[in-house]
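Colleague: I am new to this one, so please take me through it step by step.

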Amino acid sequence: MHHGHHHKISEISAPPLAAPAPSDPLAPEPSSPPENSDDSTGVFDVRKFGAVGDGVTDDTEAFKMAWDSACQANSSSIIHVPNGFSFMIQSTIFTGPCQGGLVLQVDGTIMPPDGPDVWPKNNSKRQWLVFYRINEMSLQGGGVINGRGQKWWDLPCKPHKGINGTTLPGPCDSPIAIRFFMSSNLTVKGLKVKDSPQFNFRFDGCQNVHVESLHITAPVLSPNTDGIHIENTNGVEIYNSVISNGDDCISIGSGCHDVDIRNLTCGPGSHGISIGSLGNHNSRACVHNITVRDSVIRVADNGVRIKTWQGGSGAVSGVTFSNIHMESVRNPIIIDQFYCLTKNCMNQTSAVYVSDILYEGIKGTYDVRSPPMHFACSDSVPCTNITLSDIELFPAQGDIVSDPFCWNVYGELETLTIPPVSCLLEGVPRSISDNKDTDYC
């Protein structure tokens, strides 16, 4: 973890190993907790609490009872969701704190009701499975979490789903599949998650999160299906996972620090790995000490992206993107401080300050519709200390190399780059050096 200016990371490591593709990527893989599932062994099989697992019966109450029993047990407990069954669960909040650590071992399939029309009126349409105030929990197994998102994506209020490709007004809430809220010491491991109605995972106000060997899939055009979103969360490790979806593979919101992402395969179809968007509605956002390394981004709209709204405040600093392979990515390297979802955002003078960003060992090909590097920084709060080292980006088609785009960005080249970058400004801008007392974060 670094603070302030970057120090050079050792030799560029070998390209990441893609997570092995199972022969049937969504078939549950059996694992074997103890057969005699009962309280005395610390294993709580949801079928012992009345869950049927036929994919039709509402198994919510059985899961709640299994949770409550395991949560009240004095030692570490395993809630077992067995292989060979499909359990339908309504929108539910599983609440702690619990007496001991908990393992939710999902070897079968878990799914929500099939679409908004059959979603109970009294249940929140913004979230499906929520884990609240839990300390020491592992969500793991070889099973499948099937979000059944198609009917949510087809709502007329979703982008281009209305008549003649329009977006219609109307209720548009769609549930996040799995949300951890105000929880700590969490592990999520081994699961396959498919077709989430909205974000697949969201961590809010959490500490010490370890994610490993996830396989997340959703169609390219599924709206807002971010793989993993973190907000006000720190101490995060995301390792050895594959995410192919319709939005950011990973999105890092305000209040996050000490995040390490390694050996991620992102795409095809995604929007890359994003910090932001930050500073919306003139809000203050602080993000620091983020590392993304040894990863592959393929056939995606963006590679590694920092996006902020005009009018915000705060800072993004201490970010390293290292040893990342791009395959036909439209914007491999992008900082956009003019992020806007419509055509008529007002120009504003305040901005989230972006500084101390290192790009090293970023190689591969870019989609020629956009420049391979795009640095669009605020007119009043320039980006500073942007460092480029060992960058080689070639057009995926044709021979014409696009020039990088720079606007108000200060930094340095540690090595020559392909394509050449001549638009970085040198030194420290006066507006920043004059404001040394400014508490950006």
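Colleague: Which strands each supply at least two residues of the lining of the largest pocket?

Modeller: This is a predicted model, in which local features need pLDDT of at least 70 and side-chain atom pairs count only at pLDDT 80 or more, while totals for chains, interfaces and linings use all residues. Residues are numbered from 1 along each chain as its sequence is written, and side-chain values use heavy atoms, with hydrogens and water left out. A pocket is an open set of points on a 1 Å grid over the protein atoms alone, where a 1.4 Å probe fits, with protein on both sides within 12 Å along at least five of seven lines, and lining residues have an atom within 4 Å of a point. Strands being DSSP runs of E with at least two residues, numbered from the N terminus, those that each give the lining at least two residues are β17 (228-231), β21 (273-278), β23 (302-308) and β25 (331-336).

Colleague: Which residues of the lining lie nearest the centre of the largest pocket?

Modeller: The lining of the largest pocket comprises 41 residues. Nearest its centre are Asn 224, Ser 277, Lys 307, Tyr 339 and Leu 341.

Colleague: Is Asp 248 buried or exposed?

Modeller: Asp 248 sits in the loop between β18 (234-244) and β19 (250-252), and its contacts (heavy atoms within 4.5 Å), leaving aside neighbours within four places in sequence, include His 271, Ser 274, Arg 305 and Lys 307. Buried means under 20% relative accessible area, exposed over 50% and partly exposed in between, with a 1.4 Å probe and protein chains only. Because the relative accessible area of Asp 248 is 2%, this residue is buried.

Colleague: How far apart in space are Ile 238 and Leu 214?

Modeller: Ile 238 belongs to strand β18 and is buried, with a relative accessible area of 1%. Beyond its neighbours within four places in sequence, Ile 238 touches Val 211, Ile 228, Ile 250, Asp 260, Ile 261 and Arg 262. Although Ile 238 and Leu 214 are 24 residues apart in sequence, their C-alpha to C-alpha distance is 9.1 Å.

Colleague: Which residues have the most contacts inside the largest nonpolar core?

Modeller: A nonpolar core is a set of buried Ala, Val, Leu, Ile, Met, Phe, Trp, Tyr and Cys residues joined through side-chain atoms within 4.5 Å, and the largest one here has 96 residues. Phe 321, leaving aside neighbours within four places in sequence, is in contact with residues including Ile 275, Val 292, Val 304 and Tyr 359. The residues with the most contacts inside this core are Phe 203, Ile 228, Phe 321 and Tyr 359.

Methods: Helices (H or I, at least four residues) and strands (E, at least two) are DSSP runs, numbered from the N terminus.
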